[in-house]
Amino acid sequence: MYFRPFRLFKVFIIFVCVCTVIYELHRFLPSTSSPHPIPSISRNENNDHVPQQPVSSKDIEHISQTLEPFYITLPHFSDDEAKTWFYGSSYYQIHSKSCSDGTCEKQGVLFNNTKEHLSVNTFLVPNGLYLNDECGYNYGDTAMKRTFYSTDEATVVYDQAIIYTVPDGWSFQHFLDGVGPKLAHSQAYLQKYPDAKVVILKGVRFDRSVQEIWSMLGVENENRIVHYSSNMKVGARLLINPCRTPGIHPRLWQDARHMYWSISGMLKSATPPERKNFIYIQRTSSNAMNNGRLILNEQAFVEVLRSYCSKHSLNYVQYDHSKDTGHIPISNRTILQCKSDHWCS
């Protein structure tokens, strides 16, 4: 018997060809005959990026409502000096032009710009992609509806994600004034999608009070919160975006307050007449995380607050978070925190 290398080589080639055909048939048949189609967004076992069908605009759900115009009354001035300063401010000079009597003293300042003050929007985008867009009323349609064709366009892909990337939303104040109004109309999605990631901006810290509020909403920092940085490209099989929301509409702030009361148990606790505490949260050079916008006339301000509490039979409580490490009691009439740029919350 003679050894024939050429014949052995032909057998080897035929064997390789048969194996290749069988492998290709195996890959092809499941995608055409399986009753359970492969998900549109996926990564195969080798972690290759798999293209998907482009998302039609019809598949993007846009939920919107237009709120009523509203007025914000002028401040209660503690003295004539404060009143004179306010009437000379650029803020008043601009907004008083829209007041019928020219002074805004009767009804206050009217806010009726649909885009900035009244239009509340939530977008539910299949295969959505978030790319460091500004989370506010100026959020454009194109960015809100952005999708990705292949997963290599994203640095991470989640099943569901909700966007709350308000600037400094990790701090207590900016959580209240930035994230709160958006949460007021989108909280239901946190319960509807209990595994959805919550995307907030990464900050120099993550305030304990903000962590506790998220926790009461069922969102734990370790499991669900994504601290977003500008180099990330966040994709989701379902991207929920409530960012295009007015920042100061009283309806949203009232709904947010009701939400805080509900999750903290206040609705089941003391009735409003029994809440006698007026808590002033101090902002000083020793306790502030930064030295900007400190209250320069705090002693005079405190005297005004004490006088107000005396007239309304309230207990004045001064709170310094750097010294008072315990929680603020929930049964309070008012909690006030101010900055020197006249912003109070």
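**Helices α6 and α7**

I began with helix α6 (residues 172-192) and helix α7 (residues 208-216), whose axes come within 12 Å and cross at roughly 10°. That angle makes α6 roughly parallel to α7, a label for angles under 35 degrees, while over 145 is roughly antiparallel, 65 to 115 roughly perpendicular and the rest oblique. The axes are lines fitted to C-alpha atoms, for helices over the stretch in contact, with angles running from 0 to 180 degrees between N-to-C directions. Helices here are DSSP runs of H or I with at least four residues, strands are runs of E with at least two, and both are numbered from the N terminus.

I noted that the model is a predicted one, in which local features need pLDDT of at least 70 and side-chain atom pairs count only at pLDDT 80 or more, while totals for chains, interfaces and linings use all residues. Residues are numbered from 1 along each chain as its sequence is written, and side-chain values use heavy atoms, with hydrogens and water left out.

Next I listed who touches whom, contact being heavy atoms within 4.5 Å. From α6 come Phe172, Phe175, Val179, Leu183 and Leu190, and they meet Ser209, Val210, Ile213 and Trp214 of α7. By class, this contact has eight nonpolar residues, one polar and no charged ones. Nonpolar covers Ala, Val, Leu, Ile, Met, Phe, Trp, Tyr, Cys and Pro; charged covers Asp, Glu, Lys and Arg; the others, Gly among them, are polar.

**Disulfides**

I searched the whole structure for disulfides and found two, a disulfide being a pair of cysteine sulfur atoms within 2.5 Å.

One of them joins Cys99 to Cys104, with S to S at 1.8 Å. The torsion about this S-S bond of Cys99 and Cys104 is about 90°, so the disulfide is right-handed. Buried means under 20% relative accessible area, exposed over 50%, and partly exposed in between, with a 1.4 Å probe and protein chains only.

Another disulfide joins Cys135 to Cys243, S to S 1.9 Å. The link of Cys135 and Cys243 is left-handed, at -95° about the S-S bond. Cys135 is in the loop between β4 (119-130) and α5 (141-144), and Cys243 is in the loop between β8 (234-241) and α8 (250-264), so the pair ties together parts 108 residues apart in sequence. Cys135 counts as buried at 6% relative accessibility, and Cys243 counts as buried at 0%.

I also looked up Cys309, which is buried with a relative accessible area of 1%.

**Salt bridges**

How many salt bridges are there? I count six, taking a side-chain nitrogen of Lys or Arg within 4 Å of a carboxyl oxygen of Asp or Glu.

Asp133 forms one with Arg146, their closest N and O atoms being 2.9 Å apart. Asp133 sits in the loop between β4 and α5 and Arg146 in the loop between α5 and β5 (156-163), so they tie together parts 13 residues apart in sequence. Asp133 counts as buried at 14% relative accessibility.

Asp207 forms a salt bridge with Arg205, the closest N and O atoms lying 2.6 Å apart. Asp207 is buried at 15%, whereas Arg205 is partly exposed at 27%.

Back in α7, I found Arg208 and Glu212 four residues apart, about one turn of the helix. Their side chains meet in a salt bridge, 3.8 Å from N to O. Arg208 is partly exposed at 46%, and Glu212 is partly exposed at 27%.
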